[in-house]
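Me: I have a model open and want a quick walk through it. Can we go topic by topic?

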Amino acid sequence: MRFDRFDRIIGLALAVTAIALTALLWRGAGDDARSGRSNPQLEKRLAQQAKSALLQKIYGPVEQLREKGALPEALLKLDEIARQMPGEAHGVMLRGEIQYQLGALNEAITSLSAGVRSEPLYIDAGSPLSRRNLIEEVVRLGMKQVAPQAKSAPENRRLNQALTNLYYLQSRLAGGCE
Amino acid sequence: MPTLLLLLLVFLPLLAGCDQPGSRPVLNIGFMNCNNEQETLARFRPLTTYLSEQVGVDFRTVPVDTHEFEERFAAGDFALTHTNSLLYVILKENHDLRLLLTESRGNFGPRTAGAIIARKGSGITSLDDLRGKRMVFGPMMAPSGYLAQYDLMLQAGLDPERDLDYYAIPSGSFKHEKVVYGVYFGDYDVAAAPALDLETMTRDGKITADDFEILAQSPLIPYCTFGSAKETDPELVTKVRKALLALTPETTVAIDGEQVKVLKAAWIDGFEDLQDRDYDLVRDMARRTNMPPYQVF
């Protein structure tokens, strides 16, 4: 097989292109490593921040109503949001917080345990989403009020479900896993 | 002939083991109408069927108008009752009705509240603004649609009989929704709306949270209540109670050839064991507003 001048030019061009691509890929990988784009910690924090910002956008009106003491309106706003995102953890946690503030302890326990089950960050003291203090308060009161009632009425399914939820929150506060 | 005799010998004992029509006691459960008879029957027939199956008694679902309830209960028409908390207090006070269980539904479980609402942007932002306004209340015997709001106003130093321009109560069924829409469409300035109706109407997309200003909301008071007449067999009452507490969202019964979820059909989340003293808030409200059973002329 003989190579003419054009074959040599094409061969040379292919070799130059391959070397250039390799150099580009190698440099790109180095840039990624230097900029930390593939750093899992950074990616996790970015995701958390993005989530926080989105939650703030969605639930901002609820928080505003709650802060000015308009708790019934805040609950209605949550009901409205729940139409689009039923069972969303942040909404469920907010509902539990408001239910507790309005004196519905059993319902607050149900909501808070459901929220923590779907997003464990709410029990994590270091998380920006943390509701640990509230959960501790609810568990303390629940153990005082709900637990004795549930123990004296084993046939009461809902009351015993509330007790199960209380124990769940208690174990999560103590650092227990799912 | 011997074959026929043999068949009779085999099948007769089996037939005797079955429940024959009329062989079980028949007892009435009086269900207070919330909106209308048709709705009451649709809601509570599955629950009544379930109780009949569990307890071994043929219960009948009897829809009852709120204002006829006491008279019919006094006449011995009902072994069990399902009423609002004010009617429970009246029947307890006047006829020694026994508390069985309290129904649980919505954000506050076995409790609910009454709210006073105005259209957002109407300029009405507090109870003080109610003077000289047009108000619409729910039915007069409704704890969270009339009693709680009337009491809230009295407690705030407002006399609904004197300080409002006028107030009205809608006629016909679906009064609570009519009250909310009455303000929404501007027929009235303010309304007495049950918190639960605001919640369900928002969840159903009929209204939004931004449509209304909640001027005040009452403390939480017990929701709808099952009671038993003092003459009803205590053993049967215990069975009913046990059956109600055992209900789960998955419990079904056959109604007109279909399997129907009992709790879902009845719009109930479950049942709770409140104490009679939990109804003292309702009693206090009834006393302050001069309502039955403490009404003085």
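Me: What share of the residues in chain B is buried?

Reply: Of the 297 residues in chain B, 51% are buried. Buried means under 20% relative accessible area, exposed means over 50%, and partly exposed is in between (1.4 Å probe, protein chains only). This is a predicted model: local features need pLDDT of at least 70, side-chain atom pairs count only at pLDDT 80 or more, and totals for chains, interfaces and linings use all residues. Residues are numbered from 1 along each chain as its sequence is written, chains are lettered from A and ligands numbered from 1 in the order in which they are written, and side-chain values use heavy atoms, with hydrogens and water left out.

Me: How many helices and strands are in chain B?

Reply: Chain B has 11 helices and 15 strands. These are DSSP runs numbered from the N terminus: helices are H or I with at least four residues, strands are E with at least two.

Me: And what does the C-alpha trace of chain B span?

Reply: About 90 × 40 × 30 Å along its principal axes.

Me: What is the strand order in the open sheet of 5 strands?

Reply: The order is 8-7-9-6-10 in chain B, and the pairing is mixed. Two strands pair if DSSP finds at least two bridges between them. Strand 8 (166-168) and strand 10 (212-217) of chain B are the edges, each pairing on one side only. From one strand to the next, the twist averages 25°.

Me: Which way do strand 7 and strand 9 of chain B run, parallel or antiparallel?

Reply: Parallel, with 2 bridges joining strand 7 (residues 134-136) to strand 9 (residues 190-194) of chain B. Val136(B) has Ala191(B) as its bridge partner in strand 9.

Me: Which helix packs on that sheet?

Reply: Helix 7 (residues 175-184) of chain B does, touching strand 6 (114-119), strand 7, strand 9 and strand 10 of chain B. Contact means heavy atoms within 4.5 Å. The direction of helix 7 makes about 145° with that of strand 9 of chain B. Helix 8 (residues 195-203) of chain B lies across strand 6, strand 9 and strand 10, at about 85° to strand 9. Axes here are lines fitted to C-alpha atoms, for helices over the stretch in contact, and angles run from 0 to 180 degrees between N-to-C directions.

Me: Switching to strand 12 of chain B. What does strand 12 pair with?

Reply: Strand 3 (residues 80-83) of chain B pairs with strand 12 in the antiparallel sense over 4 bridges. Strand 4 (residues 98-104) of chain B also pairs with strand 12, antiparallel, over 4 bridges. His82(B) has Phe226(B) as its bridge partner, and Arg98(B) stands opposite Ser228(B).

Me: Are the faces of strand 12 covered or open, and which residues are on each side?

Reply: Both faces are covered. Thr225(B) and Gly227(B) are on one side, Phe226(B) and Ser228(B) on the other, and all are buried.

Me: Now the interface. How many residues does the contact take from each chain?

Reply: It takes 29 residues from chain B and 19 from chain A. The area buried between them is about 2100 Å², with 51% from carbon and sulfur atoms. That area is the accessible area (1.4 Å probe) that two parts lose on being put together, summed over both.

Me: How many salt bridges are there between chain B and chain A?

Reply: There are 4 between chain B and chain A. A salt bridge is a side-chain nitrogen of Lys or Arg within 4 Å of a carboxyl oxygen of Asp or Glu. One of them links Asp79(A) and Arg203(B), at 3.1 Å, N to O.

Me: Why does that pair join two chains?

Reply: Because Arg203(B) lies in helix 8 of chain B and Asp79(A) in helix 3 (residues 71-84) of chain A. Arg203(B) is partly exposed at 36% relative accessibility, whereas Asp79(A) is buried at 1%.

Me: Last one: what does the side chain of Asn28(B) reach?

Reply: The backbone oxygen of Asp77(B), at 3.1 Å. Asn28(B) is in strand 1 (residues 26-32) of chain B, and it counts as buried because its relative accessibility is 17%. Asp77(B) also forms a salt bridge with Arg72(B), closest N and O atoms 3.0 Å apart.

Notes: Polar contact = N/O pair within 3.5 Å; in protein donor to acceptor, adjacent residues only side chain to side chain.
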